[in-house]
Amino acid sequence: MPELFSWEFATDPYPAYAWLREHAPVRWTRLPSGVDAWLVTRYADAREALADARLSKNPVHHADEAGARGKTGIPGERGADLMTHLLNIDPPDHTRLRRLVSKAFTPRRVAAFAPRVAELTDRFIDGFAAEGHADLIHAFAFPLPIYAICDLLGVPPEDQDDFRDWAGMMIRHGGGPRGGVARSVKRMRAYLVELIHRKRGDLGDDLISGLIRASDHGEHLTENEAAAMAFILLFAGFETTVNLIGNGMHTLLRHPAQRAALQESLARGEEGLLETAVEELLRFDGPVELATWRYATEPLTIGGQPVAAGDPVLVVLAAADRDPGRFAGPDTVDLARRDNPHLGYGHGIHYCLGAPLARLEARTALATLLTRLPDLRLAAEPEDLRWRGGLIMRGLRTLPVAFTPEPAAVRGRHGDTPSPP
């Protein structure tokens, strides 16, 4: 069996996942944290497990819940009392909270947000377009979704830089100072509680105001639930998009013929290839490697493998989406792929609520980069790139690129303010 969870594995986990799909599609595995869990790697098993109501999201069902405390879920959420969010609860509470938040992600609401996403995209590109080189993660893929989700939540512009700092600490996955993640999560929670109190006297059209209105109209949303919901929307709403943009651009830079076809399509003013391209990038090297934790509430069988009550189960989305039993040529990038029911945003009742917004941000980001900087190229050897540690997410630490500097006259058409909002 190939070694799992090493730095070499993080660079390219797909050969190891292919081995698991063939030889041990549901395998009991010791994780780097010391917690044991079942890894589910075949597409059919993964899709079934994601929709199985016997697999709870609530960690109280973990047979070793006390021993694994702090080793599952989002770092720092337990210590900051932020556990009561959509990724940790089951129906009926999940149904109630999802209904409240889903109003922020309707097609009409997301479409109305498109001009703001386009404005942010151009402003961040303006910040480095004259240089001829950039780290696309630091200068673009990271700040774009964090400021976008702050706008959606209703975080005032003067406070958004603090969120950028806290979010940056959270996605380092242990790469920052000791205890830095926990401190950032606690600061974020304290700020969100204070912001909820402030907004009660000045409600707007943002998501936090919507949560307050729902609570005031008898939806029984506690202060902890409101803070936890805002936290998970911020956390899940930015890191997945950081990785989608970063991984997606990395894939396009490594597949020049596919990238050229997309650029030609964009030059003709077409949208169809861009839409299927984002779905293929989600499938081929998506932002979420493993779905978040699930726990068997009773004995069950997954892919012919008995699973005991209390066992944790991790569905490996990255493995399922390269399953040759479901996808033709799964290790080939085909931006025009039509038969593409990937699991990049999950499946079932926990399907990613913010997927429409993430898709909008990815389409806007990729199209604008490829149009404004048409000769964008990787400025490092592929084997020298480093991927962030962590169990659930898959994303690059940096993505150095080079390009022909954009003339000032061209940049001027996109606005005069190169700095972040």
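In what order do three strands form an open sheet, and is the pairing antiparallel or mixed? The order is 4-10-9 and the pairing is antiparallel. Welcome to a predicted model, in which local features need pLDDT of at least 70, side-chain atom pairs count only at pLDDT 80 or more, and totals for chains, interfaces and linings use all residues. Residues are numbered from 1 along each chain as its sequence is written, and side-chain values use heavy atoms, with hydrogens and water left out.

- Strand 4 (133-135) and strand 9 (377-378) are the edge strands, each pairing on one side only; strands here are DSSP E runs of at least two residues, helices are H or I runs of at least four, and both are numbered from the N terminus.
- Strand 9 runs antiparallel to strand 10 (residues 400-402), and two bridges join them; two strands pair if DSSP finds at least two bridges between them.
- R377 has A402 in strand 10 as its bridge partner.

- Another open sheet has five strands in the order 1-2-8-5-3, with mixed pairing.
- Its edge strands, each pairing on one side only, are strand 1 (26-30) and strand 3 (55-56).
- Five bridges pair strand 1 with strand 2 (residues 36-40) in the antiparallel sense, and T29 stands opposite A37 in strand 2.
- Helix 3 (residues 43-50) packs on this sheet and touches strands 1, 2, 3, 5 (294-296) and 8 (312-315); contact means heavy atoms within 4.5 Å.
- The direction of helix 3 makes about 125 degrees with that of strand 8.

**Helix 12 against helix 15**

- Helix 12 (residues 256-267) packs on helix 15 (residues 355-372) at about 90 degrees, with axes 10 Å apart; axes are lines fitted to C-alpha atoms, for helices over the stretch in contact, and angles run from 0 to 180 degrees between N-to-C directions.
- The two helices are therefore roughly perpendicular, a label for angles of 65 to 115 degrees.
- From helix 12, R259, L262, Q263 and L266 meet A367, L370 and T371 of helix 15.

**Nonpolar cores**

- The largest nonpolar core has 94 residues, and F128, L136, F140, L153, F163, M249 and L262 touch the most other members.
- Such a core is a set of buried Ala, Val, Leu, Ile, Met, Phe, Trp, Tyr and Cys residues joined through side-chain atoms within 4.5 Å, where buried means under 20% relative accessible area (1.4 Å probe, protein chains only).
- Helix 11 (residues 223-254) gives this core its largest share, 16 residues.
- Beyond its neighbours within four places in sequence, L136 contacts F128, A141, M249, L369, L376, L399 and V401.

Terms used: Parallel < 35°, antiparallel > 145°, perpendicular 65-115°, else oblique. Buried < 20%, exposed > 50% of the residue type's maximum accessible area, 1.4 Å probe, protein only.
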